[in-house]
Structure formats: structure tokens, C-alpha cells
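Here are a few exercises to work through with the model open beside you. Try each task before reading its solution.

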Amino acid sequence: MTVANKRRALTVSVVAVIAIVIAFFVTKGPSDFPGPGSGNAVVIVVRGDSISGIGNALTEAGVVASADAFVNAANANPKSKSIGPGKYTMLKEMSGQGAVEYMLDPKSRAASRLILPEGLRLDQSLEAASKATNIPVGDFNAAITRADQLGLPAYAKNQAEGFLYPASYDLAGDETADSTLSMVFERFAQASKQLDLEVKAAALGQTPFEIMTIASLVQAEGNPTDYDKIARVIYNRLKLGMPLQFDTTVAYGLGITKVSLNAAELQKDTPYNTYVRKGLPAGPINSPGTAAINAALNPATGPWIYFVTVNLETGETKFAKKYSKFLKAKAELQAYLKNHG
């Protein structure tokens, strides 16, 4: 082989090697762990973070092998657009695809969530919000005084009890007391719209605030299966001019939570004592959920003006129009209490 031919052959070989190397890296793709991952890693996604920014945070935490592995997987999954700010509890050495799917699972946000159960009183909801956000409860107590500026409906007249909507709220980690309450009131507004609360309230001859008050009584007094019947009892008593006589309203007015009240407590006059005052109490006594609000808007049809839960374990409740039947049901409850200590 001549010198020229040797040089030509060498050049061809070098070019071939370069092409192979380029092809290798092009087809290899970004560095990625096989998954599924193990251990534990906490990743904070800051409000405004891009997908690549999230990928970098995951890489630094050892969750994924490279930001590109996460970005490619996120681009292939349309649901990844819903990944928002907050604290995520992840595994180490996950595949990019696995990390995306994990972040979309609500379980990964468990440590970054405010959960408000149905039936909480205002002070209980504010304590829950304080605990979830690590914001002093005093900040929430101060913020709630300007609830009308934070999204509370105007018809509530800055009376926030009943409107801290029961739901699960994802937290970003940068909330303030004001922004947290705004988020909760916004969620109530969405539910109100979905339930057509204001229109249906007017059709029933009630204000939206009265409906929320009735819903809170329904929430406090019974089981979901009986919500619509309890709502009917309330409407029937109001129509007849009968006092509602709900212990739950008396307890709320006294600032206590016990179920069984004595005669002296039942006679203490507060704006919430439905034994000594006819009509609805001064306002909601807790935060009712969707089912209770829906029952207040859509009461069952029936003549009942009494109800008694005769089995506290199963929640079995009996409804009656006649006082004699009410007494019979009450005797069942007393027998139940005697047999169950």
C-alpha cells in the first residue's frame, strides 16, 4: 500500500470511529436510572419552576440520574403539566418516567397538604391550617378578621364560620395566612357555583347564608344517608314555628363540644340556642361538606318534625311526625345507652 493509500485509509477509519461515537451518544439518550428507586428524598418545587428546573432539583436530590431523563419523560406525559409547587416525598434513583408518575400521585404530596374535614368549627379549621403551613395560628386569627377581603362571599358579612370549605389543599410552601384563606374561600366559591347555591337558595325562599346555616346543622346532626330527611325536619319545624331544639347549636353557642348537655346548659340563652329561640341560629356552626349543602338545597319530601338516632354505633335514625312515635324512638335510644354503658 502506498503512503497516499495508507493516509486515505487512516482518514476513513478516523471518520468512521467519530461517526460511531456520535451515533452512540445520539441513540444512547440521557443518563437514566432503571428504577423503581428506593430510600427517601424530599424535593421542594418552587412556584414558577419549569420542568427543567424541577429536573435539576430532582437530580441534585439523587432522585433521577439526569434532568434530561425527567424532562423527556415529562414531555411524553401530558399530565406532567399539573405538577405544581410544593414539597414532594420521592425515592432515590428513580427512572425519569417513574419520577414523573410518582410526582403525579397525591401520595407524594402527603407532607405538603392542608386537609380540612367536614364539620370542623372555624377555630378547628384555623388550627389545622396553622399546623399544615407552620404559620402561627395567631396569623390566621388576624387574617380571618378581614375575610371579606380574602374571598368570603359578601352575603356572609365577614362571618367566616361555615365557609372554610372541607377539602384537601396542595401547599406550595410559600403560603401566608391570607393566601391560604383565599385559597379555601376560592374553593368554596367553586363548590357554590357547582351546586348553584345562590339560585337554588332563592327558589327555596332562603338566603345563601341561611342555606349554609341549615347545611351546618345537617352536617352536625346526622349521617349522610339521612341528610335530606334531617333537612326536611328543619324546614318543617321552621314552617310550623317550632323551635329546632338542637343540642349541637346550644353547644356551639357555649363554646363546648360535648354531645350530652344538662338542663342548665340547655337553658343558657345565646344567639345559637335553638331551645329558647325560634328560627335558625345566628349562623353556621361548622363547615358543611358538599353532601350537607346539597341536602339543604334539596330536602327530602316528608312530614317529619322529629328524629332520633337510636343506635350510635350504626347511626340508625328514626324519623317521626307524631310525638308519640318520637317518644318510642327516644325509648329505644335510652335502652341502647343502658345496654352500652
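**Exercise 1. Find which residues S31 touches, leaving out those up to four places away in sequence, and place S31 in the chain.**

Keep in mind that this is a predicted model.

Step 1: Look for heavy atoms within 4.5 Å. With the sequence neighbours up to four places away set aside, S31 touches A65, S66 and A69.

Step 2: Locate the residue. S31 sits in the loop that runs between α1 (3-28) and β1 (38-45).

Step 3: Classify its surface. The relative accessibility of S31 is 41%, so S31 counts as partly exposed.

Step 4: Now jump along the chain to S287. S31 and S287 are 256 residues apart in sequence, and their C-alpha atoms are 50 Å apart in space.

**Exercise 2. Is T213 buried or exposed? Say also where T213 is found.**

Step 1: T213 belongs to helix α9.

Step 2: Its relative accessibility is 2%, and the cut-off for buried is under 20%, so T213 counts as buried.

Step 3: Check what surrounds it. Not counting residues up to four places away in sequence, T213 touches L280, P281, G283 and P284.

**Exercise 3. Work out how L104 and S80 compare in sequence and in space, C-alpha to C-alpha.**

Step 1: Start with the element: L104 lies in helix α4, residues 96-104.

Step 2: Count along the chain, then go across space. L104 and S80 are 24 residues apart in sequence, with 7.1 Å between their C-alpha atoms.

Step 3: Look at contacts, again without residues up to four places away in sequence. L104 touches S80, along with N77, K79, S82 and I83.

Step 4: L104 has a relative accessible area of 27%, so it is partly exposed.

**Exercise 4. Describe how α10 and α13 pack.**

Step 1: Two packed helices are described by the angle between their axes and the distance between the axes.

Step 2: Helix α10 (residues 227-240) and helix α13 (residues 290-297) have axes 8 Å apart, at an angle of about 45°.

Step 3: That angle makes α10 and α13 oblique to each other. Their crossing is right-handed.

Step 4: Pick out the contact. From α10 come Y227, D228, A231 and Y235, and from α13 come A291, A292, A295 and A296.

Step 5: Sort those residues by class, and the contact of α10 with α13 gives 7 nonpolar, no polar and 1 charged.

**Exercise 5. Zoom out: is the protein chain spread out or compact?**

Step 1: Count the elements: the protein chain has 14 helices and 6 strands.

Step 2: For 341 residues the globule rule gives 20 Å, but the radius of gyration is 30 Å, well over that, so the chain is more spread out than a compact globule.

Step 3: Along the principal axes, the C-alpha atoms fill a box of roughly 120 × 45 × 40 Å.

Step 4: Finish with burial: 43% of the 341 residues count as buried.

Methods:
Residues are numbered from 1 along each chain as its sequence is written. This is a predicted model: local features need pLDDT of at least 70, side-chain atom pairs count only at pLDDT 80 or more; totals for chains, interfaces and linings use all residues. Side-chain values use heavy atoms; hydrogens and water are left out. Axes are lines fitted to C-alpha atoms, for helices over the stretch in contact, and angles run from 0 to 180 degrees between N-to-C directions. Helices (H or I, at least four residues) and strands (E, at least two) are DSSP runs, numbered from the N terminus. Angles under 35 degrees count as roughly parallel, over 145 as roughly antiparallel, 65 to 115 as roughly perpendicular and the rest as oblique. A crossing is left-handed if the near helix is turned anticlockwise from the far one by less than a right angle, and right-handed if clockwise. Ala, Val, Leu, Ile, Met, Phe, Trp, Tyr, Cys and Pro count as nonpolar, Asp, Glu, Lys and Arg as charged, and the others, Gly among them, as polar. The radius of gyration is taken over C-alpha atoms; the globule rule is 2.2 Å times the number of residues to the power 0.38. Buried means under 20% relative accessible area, exposed over 50%, partly exposed in between (1.4 Å probe, protein chains only).
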